[in-house]
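Subject: Structure for you to look at, with notes

Dear colleague,

I am passing on the structure we spoke about, with the sequence alongside.

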Amino acid sequence: MTVRTTRRVFLSAATMMAAALAATACGSPQETASGGGDSAAPVKVGLVYSQSGALASYGKQYIEGFKAGLDFATDGTNKVGERTIELTEVDDAGDPAKAVSAAKDLIGKGNKIIAGSTASGVALQVAPIAAQNKVLFISGPAATDGVTGANKYTFRSGRQSYQDVVTAKSFIGDPAGKKVVVFAQDGAFGDANEAAVKNVIGGAGATVSSVRAPASATEFTPFASQIKAAKPDLLFVAWAGTTAPAMWQTLDQQGVLTSTTVVTGLDIRASWPTFGAAGSKISFLSHYFDGASDTEAAKAAKAKIPGGTLDLFHPDGFAAAQMVVRAAQEGGDDVEKMITALEGWSFDGVKGKMTIRKEDHALLQPMFQATLSGSGQAFTATAQKSLTGDETAPPAVAMKG
C-alpha cells in the first residue's frame, strides 16, 4: 500500500477564537477551540481512500477537497489549538480488504480519526472496524445508504443514494399516478437503482417498471423501442461502463429523449463527453458541479483546488476536513466527545448548509437539478434548481451499533 504522511506548521493558540458553538448550532467552520488531549501531541488523522484503481479519479478529488477544507476550517493554520494535524494517507485501491488492513494499522498507530472510503464496499467494511476499536470514522464519496446508521462511530461527508433518487423524483412533481421506467444494466448496480426508484418514487404513488439490458449489450434499439412503448412520464437511466456513448446515441436517435423526461446522474466532468449530442436533452440530478453554489466555502475551495475548477467529489473531502476539525476542537482525544460534537451539528459547506442528523448521522445537504449545454469537451453545467437538505432528507433509521 502507498502511505504518505503530511505535517503542517501552525499559528499559536492565541490566534484562535476562544469560544465554539454548541453541538447543535449552525456556525462557521473556522470557529476554533483548543480542544482536549496532549497539547504537544499531533492530532493524528488516517485517510484511507482510492489513490489507484477504478475510483482513483474520485479519490483525487476527495483528497484535494480535504486539504482545501482543512485550510478553510483552520483559517489557513491547519492546526487545532497548539496541536499539529498529522495526516497519513493510505491507498486502498478500492479493495475492502486493503482498507480494513490499513484502518487497523492506523488505529494501532494511535489514529483516533479515520476518514476516506471512496467506494461503498470499502465504507461498509471499515465502519464495523471503527465501532470495534471505538474510533471516529468519517466516510467519503461512498454513496451506499447502509453507511447511515451503521454505528454511532460512523459518519459520512458525502451524499447517499436516497438523496440522488429524491432529486430525480423532483423532476415530475407529485408522482401519484405517474409512470416511471428504470433503464439499467443487469447486475447489482442495476438492481440497487431499480430498488431505490421503486422505494422512493414508487412509494410516493408512481407505478415503476423496468427495462433491463445485459451488461454485454452493444445494440440498444430493442430496448429503446420497449421504453417508448411504455410511454413513461419519467425515464430513470442508471448506466456504467464503456457502452454509455452508444446507449445514449441510440436513445437519442430513436426519439426517446424527446418523448419523455429522461433523468440520470451527472458524474465527474471527465465523463460528460460520453453523452454526445444527447447531453443537452437530458435532465440531470446532481450531487455537485462547478458553479452549483456560490458559498464562501465554494470560493475558498476554488482558490485552493488545482486548476480552480470544482468537481463532483471535492465537496465530500472539504466537508470531511470541516468535520475532522470540529471533532478535534471539541473532543480532543476523547472519541465520545467527538461524536457528541458532530451529532446535530450544522455547518456551511461547499454545497451550502449541511446538517448531521443526530439520530442516525445522515448528512442532510442540498442537491441539484442540472442541464448541460454545448457539446463534447465544451459542455457546461447549469443549475436549474437547488433542493434543500430537508427536501432530500432520507428517512431516519435506527442506529445499528
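Aspartate 71 sits in helix α1, which covers residues 56–73, and please keep in mind throughout that this is a predicted model. Leaving aside residues up to four places away in sequence, Aspartate 71 touches Gly76, Asn78 and Lys304. From leucine 235 it is separated by 164 residues in sequence, and the C-alpha atoms of aspartate 71 and leucine 235 are 42 Å apart in space.

On the α1 side the contact includes Gln61, Tyr62, Phe66 and Phe72, while on the α10 side His314, Phe318, Val324 and Gln329 are among the residues involved. Sorted by class, the residues of this contact of α1 with α10 comprise 11 nonpolar, 7 polar and 2 charged.

Helix α10, residues 314–331, has a further partner in helix α11, residues 335–342, and these two pack at an angle of about 120° with their axes 8 Å apart. The contact is formed by Met323, Arg326, Ala327, Glu330 and Gly331 of α10 together with Lys337, Met338, Ala341 and Leu342 of α11, and by class it has 5 nonpolar, 1 polar and 3 charged residues.

Turning to the strands, you will find an open sheet with mixed pairing, in which 7 strands follow the order β10-β9-β11-β12-β13-β17-β18. Strands β10 (207–213) and β18 (380–387) stand at the edges with a single partner strand each, so one side of each has no neighbour in the sheet. On average, and ignoring direction, neighbouring strands of this sheet are turned by 30° against each other. Strand β9, residues 179–185, runs parallel to β10 and is joined to it by 7 bridges; within this pair, valine 182 has serine 210 of β10 as its bridge partner.

Helix α5 (residues 188–200) packs on the sheet, where it touches β9, β10 and β11 (234–238), and its direction makes about 170° with that of β10. Helix α6, residues 221–230, also lies across β9, β10 and β11, and runs at about 170° to β10.

Which helix has an axis that comes within 10 Å of that of α5? It is α4, residues 161–169, and the two axes cross at roughly 60°, so that α4 and α5 are oblique to each other. In passing α5, α4 makes a right-handed crossing. Tyr162, Val165, Val166 and Lys169 of α4 meet Ala196, Val197, Asn199 and Val200 of α5, a set that divides into 6 nonpolar, 1 polar and 1 charged residue.

Finally, for the annotation, an unreviewed UniProt entry lists residues 42–374 as "domain: Leucine-binding protein". In the model, that span is 38% helix and 22% strand, and its end C-alpha atoms lie 49 Å apart.

Notes:
Residues are numbered from 1 along each chain as its sequence is written. This is a predicted model: local features need pLDDT of at least 70, side-chain atom pairs count only at pLDDT 80 or more; totals for chains, interfaces and linings use all residues. Side-chain values use heavy atoms; hydrogens and water are left out. Two strands pair if DSSP finds at least two bridges between them. Helices (H or I, at least four residues) and strands (E, at least two) are DSSP runs, numbered from the N terminus. Axes are lines fitted to C-alpha atoms, for helices over the stretch in contact, and angles run from 0 to 180 degrees between N-to-C directions. Contact means heavy atoms within 4.5 Å. Angles under 35 degrees count as roughly parallel, over 145 as roughly antiparallel, 65 to 115 as roughly perpendicular and the rest as oblique. A crossing is left-handed if the near helix is turned anticlockwise from the far one by less than a right angle, and right-handed if clockwise. Ala, Val, Leu, Ile, Met, Phe, Trp, Tyr, Cys and Pro count as nonpolar, Asp, Glu, Lys and Arg as charged, and the others, Gly among them, as polar. UniProt positions are given in the numbering used here, feature names are shortened, and annotations may be inferred rather than shown by experiment.
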